[in-house]
Amino acid sequence: MMCGWGKLTLPLGLLLAMAGAVAPQPCPAQCSCSGSTVDCHGLALRGVPRNIPRNTERLDLNGNNITRITKTDFAGLRHLRVLQLMENKISTIERGAFQDLKELERLRLNRNNLQLLSELLFLGTPKLYRLFFKIVSVLKELKNAYGDSDPEMQHYISTLVLCCSSIVAIHTWPEK
């Protein structure tokens, strides 16, 4: 009898493990999720929600009250391609905040309270090619964010191409 029970346990355990591996992750409270898109815009959030599904490719956090981006806010979101953080109150982005975002292509940071960017902030984002933000002294800050590996970097902001990145366009907005 023991032998029969053992045979039943293995397939049941395997079935439970497989079910757990494919079970969808829950959507963060207040947000809506559809496929690989998480929509949390306009919810008056004060911080980035926890438990964002790991398969998220597009995350919309526009129009909230987020003031700070920490290095753990987007940890593990290795499939994220589009991150929208426009129209928040972000004044600080911690160094390492985007380091897990290896697939990130587009980042919107415009209409926030950013005054400067941390050194090497975008170093872990090799596919980032479009960056939207509003900072007056943008060239100096981007040189700090990527490192000063290219002392000849004298491109205009609208066509800035940085060493060690795929950014081909940077869009800035004038002060209101």
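In this predicted model, the side chains of Arg68 and Glu94 meet in a salt bridge, with N and O 3.2 Å apart. This pair links distant parts of the chain, since Arg68 belongs to strand β4 (residues 68-69), while Glu94 lies in the loop between β6 (92-93) and β7 (106-108), 26 residues apart. Arg68 is partly exposed, with a relative accessible area of 41%, and Glu94, at 21%, is partly exposed as well.

A salt bridge also brings together the side chains of Arg81 and Glu105. Arg81 sits in the loop between β4 and β5 (82-84) and Glu105 in the loop between β6 and β7, so the pair ties together parts that are 24 residues apart in sequence. Arg81 counts as partly exposed, at 30% relative accessibility.

Glu103, for its part, forms a salt bridge with Lys127, and here the loop between β6 and β7, which holds Glu103, is linked to the loop between β7 and β8 (130-132), which holds Lys127, across 24 residues. Glu103 is partly exposed, with a relative accessible area of 28%, and Lys127 is partly exposed at 38%. Through shared partners, salt bridges join Glu57, Arg81 and Glu105 into one network. The count for the structure comes to 7 salt bridges, among them the three pairs in this table.

| Salt bridge | N to O distance |
|---|---|
| Arg68 and Glu94 | 3.2 Å |
| Arg81 and Glu105 | 3.5 Å |
| Glu103 and Lys127 | 2.8 Å |

Cys27 is partly exposed at 31%, and Cys33 is partly exposed at 36% relative accessibility. Cys31 and Cys40 form a disulfide with their sulfur atoms 2.1 Å apart, and this link, with 110 degrees about the S-S bond, is right-handed. Both Cys31 and Cys40 are buried. When the bonded cysteines are numbered in sequence order, the pairing reads 1-3, 2-4.

Turning to the chain as a whole, its secondary structure comes to 2 helices and 9 strands, which follow the pattern α-β-β-β-β-β-β-β-β-α-β along the sequence. Of its 176 residues, 38% count as buried. Among contacts with a separation of 6 or more, 45% are between residues 24 or more positions apart. The accessible surface comes to about 10200 Å², of which 56% belongs to carbon and sulfur atoms.

Notes: Residues are numbered from 1 along each chain as its sequence is written. This is a predicted model: local features need pLDDT of at least 70, side-chain atom pairs count only at pLDDT 80 or more; totals for chains, interfaces and linings use all residues. Side-chain values use heavy atoms; hydrogens and water are left out. Buried means under 20% relative accessible area, exposed over 50%, partly exposed in between (1.4 Å probe, protein chains only). A disulfide is a pair of cysteine sulfur atoms within 2.5 Å. Helices (H or I, at least four residues) and strands (E, at least two) are DSSP runs, numbered from the N terminus. Contact means heavy atoms within 4.5 Å. Accessible areas come from the Shrake-Rupley method with a 1.4 Å probe; for residues, only the protein chains shown count as cover. A salt bridge is a side-chain nitrogen of Lys or Arg within 4 Å of a carboxyl oxygen of Asp or Glu.
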